[in-house]
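Good morning, everyone, and thank you for making time for this.

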Amino acid sequence: MSDATLRMSEVTKRYGTGATEVTAVRGVSLAIEPGEVVLIMGPSGSGKTTLLLMLGALLRPTEGTIHLNGERISDLSEGRLPGIRLHEFGFIFQDFNLLSALTALENVALVASLAGRKNGEARRKAQDLLSQLGLEARLHFLPEKLSGGEKQRVAIARALVNDPAILFADEPTANLDSKIGRDIMRLLRSIAKEQGRSVVIVSHDQRIKDIADRVLWLEDGEFKEMTTMAVDPVCGMSVVKEGAAATLEQYGVLYHFCSRGCRAEFLNELMD
Amino acid sequence: MMRLAVRNLFQNRMRLLISVGGVALALMLILSLDAIVSWIEQRVAAYIEASGADVWVSQEGVRNLHMASSSLPADRVDEVAAVPGVESVTPILYVTNVVAMGEERAIAYIIGLPEGAQAGGPWNLVAGEVDPGPEGAVIDQGIAEKSGIGLGDHVEILGRAFEVVGLSGGTSTFTNSIAFIRGQDFSDLRANPGVVSFVLVRVEGGASATEVATRIEAEVEGVTAQTREAFAAQERQVVRDMSTDLLTIMNSVGFLIGLAVMGLTVYTSTLLRRGEHGVLKALGAQNRDLYLSVGLQALVSVGLGLAVGLAFTLLLGAVVPRLVSNLGLRVSLPSVGKAAIASVVFAVAAALLPIRQIHRLDPAMVFRGK
Amino acid sequence: MLVAHRNLTKEKTRLALSIGGVALAIMLVLILDGFQVGMYQQITSYLEHSPGSVVVAQDGVSNLLGATSLLPPGATSRVQEIEGVAKAVPILSQFVILDLHGKKQPAYLVGYSPELGGGPWEIVEGRQPRTDEEMVFDRVLARRHEIGVGDEVKVIDRTYRIVGLSSGTTSWMTSFFFLRKSAVEDLFRAPGATSFLLVEVQEGKSSEAVRDRISGLQGVEALLKSAMEANDSRLFARFFSAPVRLMAGIAFLIGVLVVGLVIYTATVERQREYGVLKALGARNRVLYGVVVVQAFWAALAGAALGILLAQGARLAIMSARPQFLIILEADMAGRAIVIGLGMGLLAALAPARAVAGLAPAEVFRR
């Protein structure tokens, strides 16, 4: 594993031209250290996805540069990018995105063989990883036969099989129940700490804050301060204090809500 | 990649069935027509090859049996017999005519055999006598069965009643059969004494049939002499020349259809796998990895289609003769080779279609929600 | 049905390929059929255009193009004496194999007397034969082998010079060509021989009656010309029907498969949408309807294109190989549509079942 730093400098992404031009990301700078767990949060449309795409070498910035381990990847030719993704990055998705026709073992082994490993070796590596993640009994199951948590663990094994420097996770816990989600979160943290890999997570899930080293708030394409954030007690959404849609003071505590509906519900709860 | 290709292919049974089925059917168009023609070709020469003659002597310029007629003056027979290397000669009379069995009329090649014929008679006797004898006839067993005729019954040939004294096998083709009567009866009925149709020659042991044939042509006036193989080849040639254009047309159509079906199924299945292809690309797979997967799928589909098409054609070969009288299929190696090549072309062409689709696929779409 | 229409047209390439596949299948069926019809016309062409309404053949022979017929000696004069016979035109005919440029070409030789008739009915170039060394050759066959008036052709062991080219005398299996009857007698070493008599019946007399009277004669058989034409057609039908039906059957199955694929794929892809419709309360019947309509549209479009392709193929084949006659009959459009609809119906079966089996709950599973 290379001692990688992923560095984003003054990166901007604009879509469209002229009247329909949209700036998804404005002059964002970000450095990610080895072994770090970074959580990126923000409202929908804040540019989180665009940011993730650029970090993951799936999208080119309009302005600015991205360096991986000192090498400028934002300028690389299209042909070199898949190689970078294959060897340096690991991806984990909200929808798991396992190949439906392959078993758990085959899903992981495939990515290893894409990176050049021979079939036997790829399968062994895959088996090791899956076993480490507690899936020895599920090696030959098709995704449709796996639970959500199991699928995500297969996805994580797949992401790790080529020894990547960085893992990117897009809403990894969104389709999992809370207990399983927490397990996955802890798993991601242990991967970062024990294996020295960077983990970048994009999520709405408040609980991930617990395992993150750094929490970044992206709004309107820029990083904003987290300190002015509050959590809506009813729905768990992060709310900007100053711009909260509704607030309520109760027993000396100021609550911020994402909407009047949540506040109304909160009041109802209090009444009971 | 092979594993992915195979797994993807078999994941959807219906689509697999359609692509394999389509290719199989298209190939069957090619294979079965080829096989029918090939069978006819073979049957057409059957009599000549089984006749027992090494050399066939005919009227000069006549190189065929079917759809031809040959007349030689009877004195040529002795002239041929005198040629060195000739062991025996059997003059036969031949005409395409009708065997009437009750109400049924069957077109048949009537062969008039001399007494004690050394060649030219039935080669696969199923029942009764080989020698028709005076006022007797040996007719094809299949034809007889179809009309409910058996040994001892009477049929009408060249206007006279003959008693069926023998039933032969292998003497029928698609449209007609062979019936054997005595040469004497033949010439009585057909007038024209002093004329024979063909002279069947057996050469002496150790002599070369080709040489004897050449000698006969040189020494006897107004005849054409061909070895058995050459004569049989000429017969097959007629069938082949007649059917070339037809085969070309049908083969072309079958080919086009195979292309269309394969193209359609590969294109469709790639389209439906868009999401998974996007994921693979995001994970770092190259375009060529995906082309390989799609290409392998196409190859396997087509391979299966070829196997199924071939199997069904062979099956037809077993079934058709039972259902349709006097028709069969004979699958030849060149035909299979042709089908195999066509299959490869199907696979390659089909795999080329989705290249643009795959190339254009933006892996970023995986993150944007479907 | 808007849903059906939208579903189909969304994927242009796929739609094009599928319609193309169906069209090819239907084209094949139509061409095969047209080929058969054309062939029957070619086969019966000679009798159609020959004189008379009754044909006299050797006893037992009821085809022109099947067995070799040889009438007993004196038959001609005996037939001419029969009541009701206006004229009896004798011909001496036989299949021969011509060797043209190394290709074997079966041909039907007709020996006739130009004064009496029974020869070529349309000479497009040149004239009838005046001597025993002259022949009239089929125009299409001549063109295929690049020979023409003035060239010589070897028949068995004699050579004849072409003095005329005839039209309407061709077929892909065999063409007709003509010599004087005396020349043919000489060729076959059969002086005075006659194969058939083409009998013209007197004005007002019944052809059937004449036929029956002639049949009473020894050693001959008389048929209505139309009956003999039918026999020839039947003979060739026996020859071709099995392979043609096999090909047509295969073509039909292909069409079913292709339509089936498109519909099935469209259905599977849209599973969610169908599930939504179901959840919203659409009955199975409605969803069947959507599937079936899609199948019909694809099949109909394919049929329409198939008809066009058949016309095109017909022209292409006939100009490249003029010995083939393909006749696409007027009711072809109707038949193509029926075939297409048949394909569509069969093809819709599996997808319709899949749709019926969908659980609306699918929609809510995330």
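Let me begin with how the model is to be read. This is a predicted model, in which local features need pLDDT of at least 70 and side-chain atom pairs count only at pLDDT 80 or more, while totals for chains, interfaces and linings use all residues. Residues are numbered from 1 along each chain as its sequence is written, and chains are lettered from A and ligands numbered from 1 in the order in which they are written.

I will start with chain C. Chain C has 11 helices and 10 strands, where helices (H or I, at least four residues) and strands (E, at least two) are DSSP runs numbered from the N terminus. Of its 366 residues, 50% count as buried; a residue is called buried if 20 or more other C-beta atoms lie within 10 Å of its own, exposed if 12 or fewer, and partly exposed in between, with C-beta atoms placed from the backbone. If we take the contacts in chain C between residues at least 6 apart in sequence, 81% of them join residues at least 24 apart, and here two residues are in contact if their C-beta atoms, placed from the backbone, lie within 7 Å.

Chain C is divided into domain 1 (2-43 + 235-364) and domain 2 (72-218), with bounds that come from an automatic or database domain assignment. Between these two domains, 6 residues of domain 1 of chain C are in contact with 5 residues of domain 2 of chain C. On the domain 1 side there are 4 nonpolar, 2 polar and no charged residues, where Ala, Val, Leu, Ile, Met, Phe, Trp, Tyr, Cys and Pro count as nonpolar, Asp, Glu, Lys and Arg as charged, and the others, Gly among them, as polar.

Now, how does chain B meet chain C, and how many residues does the contact take from each? The contact takes 58 residues from chain B and 55 residues from chain C. On the chain B side, the elements that give two or more residues are α2 (13-44), β3 (86-101), β4 (104-113) and α8 (228-272) of chain B, and the largest share, 19 residues, comes from α8(B). That side of chain B divides into 33 nonpolar, 18 polar and 7 charged residues.

Is β4(B) mostly covered or mostly open? It is mostly covered, since 8 of its 10 residues are buried.

Turning to chain A, we find 21 residues of chain A in contact with 19 residues of chain B. The elements of chain A that give two or more residues to this side are α1 (48-55), α2 (81-88) and α3 (104-114), and the side divides into 14 nonpolar, 4 polar and 3 charged residues.

Chain A also holds an open sheet of 6 strands, in the order β6-β7-β8-β3-β9-β10 with mixed pairing. Its edge strands, each pairing on one side only, are β6 (89-92) and β10 (222-224) of chain A, and the twist averages 25° from one strand to the next. Within the sheet, strand β3 (residues 37-41) and strand β8 (residues 198-202) of chain A pair in the parallel sense over 4 bridges, with A:V38 opposite A:V200.

Finally, the largest nonpolar core has 320 residues, among which A:V108 and C:V56 touch the most other members; such a core is a set of buried Ala, Val, Leu, Ile, Met, Phe, Trp, Tyr and Cys residues joined through C-beta atoms within 7 Å. The element that gives the most to this core is α2(B), with 18 residues. Not counting residues up to four places away in sequence, C:V56 touches several residues, including C:L71, C:V79, C:F196 and C:I214.

Key
Pairing = 2+ DSSP bridges. Axes fitted to C-alpha atoms, helices over the stretch in contact; angles between N-to-C directions.
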